[in-house]
Amino acid sequence: MKIRSIILSMMLVFGLSVPTYAKQTIGYSYNPNEETVFSPSNVAREKFNNPKGTWLSDGFLEISNPENGRIGIYAATFCHSPVDEIKTTIFIDQWDDETEDWNQVDYKSFTLTSENDGPLSEMILSFEVKGHEVNEWYRLRGLHVVYKGEDVEMFSTRTDGIEITKR
C-alpha cells in the first residue's frame, strides 16, 4: 500500500510538471468572444491601463474614417521603465454580411529594439492604410508586446467597428 502511494504520488508530480522558460504575462482588455459594437461615429478607440504590469503600462488603439477611402490607425504602447524591445501588431478586420462575422483582411507589424533605437519606453504609431473596399465596416485588433531580457509581457486591444467611406 505504501509503495503504491509513493508511485502514484511520483506519477502525479511528473505528470503535472511543466517546463518554464520565461515569465510571460498576457492580458486582454476585451473578452475575445464578446460581440463588437458597430459605432455610428467616424472614430472608435480603446485604451487600457495596466498598472500591475511589470513593464507594460498603458496602450491605446484607434480606428478612424478620414473619409478618403483609407483606414486611419493610431496605436500607442507605453512602458513603466525601459525595455529591450516593443512590438505592436495591428490586425484589420472587415465585417462579412454573409457569414455575420469579422474576417481579418490585413495586418501591420512594427518593432523597435533598444539595440537600434536606444532606450525604449514607448511606441507611437499613426498612419493610414489604403487598398480596402469603401462603404464597408472595419475594426482593429492590437497586440502590444514588450520584451525585457527573457521575459515577455503583452496585452490585447480591440476597437468597435466603423464604416470606412470615400466621403
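This is a predicted model: local features need pLDDT of at least 70, side-chain atom pairs count only at pLDDT 80 or more; totals for chains, interfaces and linings use all residues.
Reader: Which residue forms a salt bridge with Arg139?

Author: Asp93 is the partner of Arg139, and their closest N and O atoms are 2.9 Å apart. Asp93 belongs to strand S5 (residues 85-96) and Arg139 to strand S8 (residues 136-148), so the pair ties together parts that are 46 residues apart in sequence.

Reader: Is Asp93 buried or exposed?

Author: Asp93 is buried, as its relative accessible area is 2% and the cut-off for buried is under 20%. Arg139 is buried as well.

Reader: Why can such side chains pair at all?

Author: Side chains of opposite charge can pair when their charged atoms come close.

Reader: Where does Arg70 come in, and what does its side chain meet?

Author: The side chain of Arg70 meets that of Glu128 in a salt bridge, at 3.9 Å from N to O. This pair links distant parts of the chain, 58 residues apart: Arg70 sits in the loop between strand S3 (56-64) and strand S4 (71-83), while Glu128 is in strand S7 (residues 120-129).

Reader: Why does Arg70 count as partly exposed?

Author: Arg70 counts as partly exposed because its relative accessibility is 33%, and that class lies between 20% and 50%. Glu128 is partly exposed too, with a relative accessible area of 40%.

Reader: Changing topic, how many aromatic pairs does the structure hold?

Author: The structure holds 4 aromatic pairs. One of them joins Trp95 and Trp102 in an edge-to-face arrangement, with 5.3 Å centre to centre and 70 degrees between the planes.

Reader: Are those two, Trp95 and Trp102, buried or exposed?

Author: Both Trp95 and Trp102 are buried.

Reader: Last topic: where is Tyr107?

Author: Tyr107 is placed in strand S6 (residues 101-113). Tyr107 is partly exposed, at 49% relative accessible area.

Reader: What does Tyr107 touch?

Author: Leaving aside residues up to four places away in sequence, Tyr107 touches Thr89, Ile90 and Phe91. Tyr107 and Gly142 are 35 residues apart in sequence, and their C-alpha atoms are 9.5 Å apart in space.

Notes: Residues are numbered from 1 along each chain as its sequence is written. Side-chain values use heavy atoms; hydrogens and water are left out. Rings of Phe, Tyr and Trp (its six-membered ring) pair if their centres lie within 6.5 Å; planes under 30 degrees apart count as stacked, over 60 as edge-to-face and the rest as tilted. Buried means under 20% relative accessible area, exposed over 50%, partly exposed in between (1.4 Å probe, protein chains only). Helices (H or I, at least four residues) and strands (E, at least two) are DSSP runs, numbered from the N terminus. Contact means heavy atoms within 4.5 Å. A salt bridge is a side-chain nitrogen of Lys or Arg within 4 Å of a carboxyl oxygen of Asp or Glu.
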